[in-house]
Amino acid sequence: LGAIEQRVSGLAAHLRARLAQVEGVRVRDRGERRCGIVSFTVDSLPPDAVKAALGARRINVSISRASSTLLEMQERGLSEVVRASVHYYNSEDEIERFVAELAAVV
């Protein structure tokens, strides 16, 4: 389990770092210990549009809405975020494809 946690944390950190390099994309994760779920927003598009555009490119993401994390979303002035999840079987190449496809959408 330790190796799985390390792999997932590493992939998620890599995804966060790459997303931060895409103009107009804001990584929204906070906290000292982060998991394999990476939350972000796109300045120019609502989360539903991001999800639809990525889905058309065969990339699955989900949306977290204020109703599921009301206090934190209110505190941060957010109503919803896009969520991408990595797991130990994902590769760095898949992360690079995800970031490239998202950049094309943005």
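## Helix α2 against helix α4

In this predicted model, helix α2 (residues 47-56) packs on α4 at an angle of about 120 degrees, and their axes lie 10 Å apart. Axes here are lines fitted to C-alpha atoms, for helices over the stretch in contact, with angles from 0 to 180 degrees between N-to-C directions. The two helices, α2 and α4, are therefore oblique to each other; angles under 35 degrees count as roughly parallel, over 145 as roughly antiparallel, 65 to 115 as roughly perpendicular and the rest as oblique.

The crossing of α2 and α4 is right-handed, a term for the near helix being turned clockwise from the far one by less than a right angle. Val50, Ala53 and Leu54 of α2 meet Phe98, Glu101, Leu102 and Val105 of α4, where contact means heavy atoms within 4.5 Å. By class, this contact of α2 with α4 has six nonpolar, no polar and one charged residues. Ala, Val, Leu, Ile, Met, Phe, Trp, Tyr, Cys and Pro count as nonpolar, Asp, Glu, Lys and Arg as charged, and the others, Gly among them, as polar.

## Helix α1 against helix α4

Now for the other pair: helix α1 (residues 2-19) and helix α4 (residues 92-105) pack at about 25 degrees, with axes 10 Å apart. That makes α1 and α4 roughly parallel to each other, and their crossing is right-handed.

On the α1 side, the contact is made by Arg7, Leu11, His14, Leu15, Arg18 and Leu19, and on the α4 side by Glu92, Ile95, Glu96, Phe98, Val99 and Leu102. Seven of the residues in this contact of α1 with α4 are nonpolar, one is polar and four are charged.

## A closer look at Ile95

Ile95 belongs to helix α4 and is buried, with a relative accessible area of 4%. Buried means under 20%, with a 1.4 Å probe and protein chains only. Leaving aside residues up to four places away in sequence, Ile95 touches Leu11, His14 and Leu15.

## The chain as a whole

The chain has four helices and four strands, running α-β-β-α-β-α-β-α from the N terminus. Helices (H or I, at least four residues) and strands (E, at least two) are DSSP runs. Of the 106 residues, 36% count as buried, and the C-alpha trace spans about 35 × 30 × 20 Å along its principal axes.

## Notes on the model

Residues are numbered from 1 along each chain as its sequence is written, and side-chain values use heavy atoms, leaving out hydrogens and water. In this predicted model, local features need pLDDT of at least 70 and side-chain atom pairs count only at pLDDT 80 or more, while totals for chains, interfaces and linings use all residues.

Terms used
Buried < 20%, exposed > 50% of the residue type's maximum accessible area, 1.4 Å probe, protein only.
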